[in-house]
Amino acid sequence: MNIVVTRENQAVLIVLQGEIDEVGAEELKRRFRDVALSAPQRVSVDFAGVIHIGSAGIGKLLVFYKDLALHGTSMSLTRVPAPIFHLFREMKLDSIFSITEGR
């Protein structure tokens with residue numbers, strides 16, 4: 001799993017690549033914690049390179065959202081591959097934060 005974090009003013013872009021399994025979820029947790037502590041206004045997570053996300057990764061995503069919401073930070077998921085996009089919609093995650101499907 002590869003994670004690239006880019007900051008510009010009060011916005012953060014997190015680009016994910018690979019498989020978010022249990023090991024990847026722990027790395028995600030560490031990187032998400034660093035981003036949340038920097039208190040940005042907006043966070044966008046680019047899922048274009050994600051081939052799979054397990055329950056551990058989804059859990060870390062939800063904890064990250066909660067940490068950001070405490071500081072009034074908005075979060076969106078972008079370029080989400082169709083299978084993951086449909087899983088997130090079935091889980092009604094699109095009612096918590098913005099999710100856009102990749103092309």
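Predicted model: local features only at pLDDT ≥ 70, side-chain atom pairs only at ≥ 80, totals over all residues.

Student: Why is Asp94 called partly exposed?

Tutor: Asp94 has a relative accessible area of 37%. Buried means under 20% and exposed over 50%, so Asp94, at 37%, counts as partly exposed.

Student: What makes the pair of Asp94 and Arg89 a polar contact?

Tutor: The side chains of Asp94 and Arg89 come to 3.4 Å. The cut-off for N or O atoms is within 3.5 Å, with one able to donate a hydrogen and the other to accept it, so this pair is a polar contact. Leaving out residues up to four places away in sequence, Asp94 touches Phe88, Arg89 and Ile99. As for Ser76, 18 residues apart from Asp94 along the chain, the two C-alpha atoms are separated by 9.4 Å.

Student: Lys92 is in that loop between H3 and E5 as well. Why is Lys92 called exposed?

Tutor: The relative accessibility of Lys92 is 56%. Exposed means over 50%, so Lys92 counts as exposed. Lys92 also has a positive phi, near 65°, in a residue other than glycine.

Student: Which other residue has a positive phi although it is not a glycine?

Tutor: Ala39, with a phi of about 50°. Ala39 lies in the loop between H1 and E3.

Student: And how do you know whether Ala39 is buried, exposed or partly exposed?

Tutor: Set its 37% relative accessibility against the limits of 20% and 50%. The value falls in between, so Ala39 is partly exposed.

Student: Let's turn to Asp46, in strand E3. What makes Asp46 buried or exposed?

Tutor: Asp46 has 8% relative accessibility, and buried means under 20%, so Asp46 counts as buried.

Student: Which side chain does the side chain of Asp46 meet in a polar contact?

Tutor: That of Arg79, at 3.0 Å. The limit is within 3.5 Å, so the pair qualifies as a polar contact. Not counting residues up to four places away in sequence, Asp46 touches Leu13, Ile14, Val15, Leu16, Thr78 and Arg79.

Student: How do you know that E2 and E3 pair?

Tutor: Strands pair if there are at least two bridges between them. E2 and E3 have nine bridges, in the parallel sense, so they pair. Ala11 stands opposite Arg42 in E3.

Student: And what makes E3 and E4 a pair?

Tutor: E3 and E4 have five bridges, again parallel; at least two are needed, so these strands pair too. Here Ser44 stands opposite Ser76 in E4.

Student: Which residues touch the most other members of the largest nonpolar core?

Tutor: Among its 28 residues, Ile14, Leu16, Phe47, Phe64, Leu77 and Phe88 do. Strand E2 (11-20), helix H1 (22-37), strand E3 (42-53), helix H2 (55-70), strand E4 (74-80) and H3 each supply at least two residues of this core. Beyond its neighbours within four places in sequence, Leu16 has contacts that include Met1, Ile3, Leu28, Val45, Phe47 and Val50.

Key
Residues numbered from 1 in each chain as written. Heavy atoms only, no water. Buried < 20%, exposed > 50% of the residue type's maximum accessible area, 1.4 Å probe, protein only. Contact = heavy atoms within 4.5 Å. Core = buried A, V, L, I, M, F, W, Y, C linked by side-chain atoms within 4.5 Å. Helix = DSSP H or I, 4+ residues; strand = E, 2+ residues; numbered from the N terminus.
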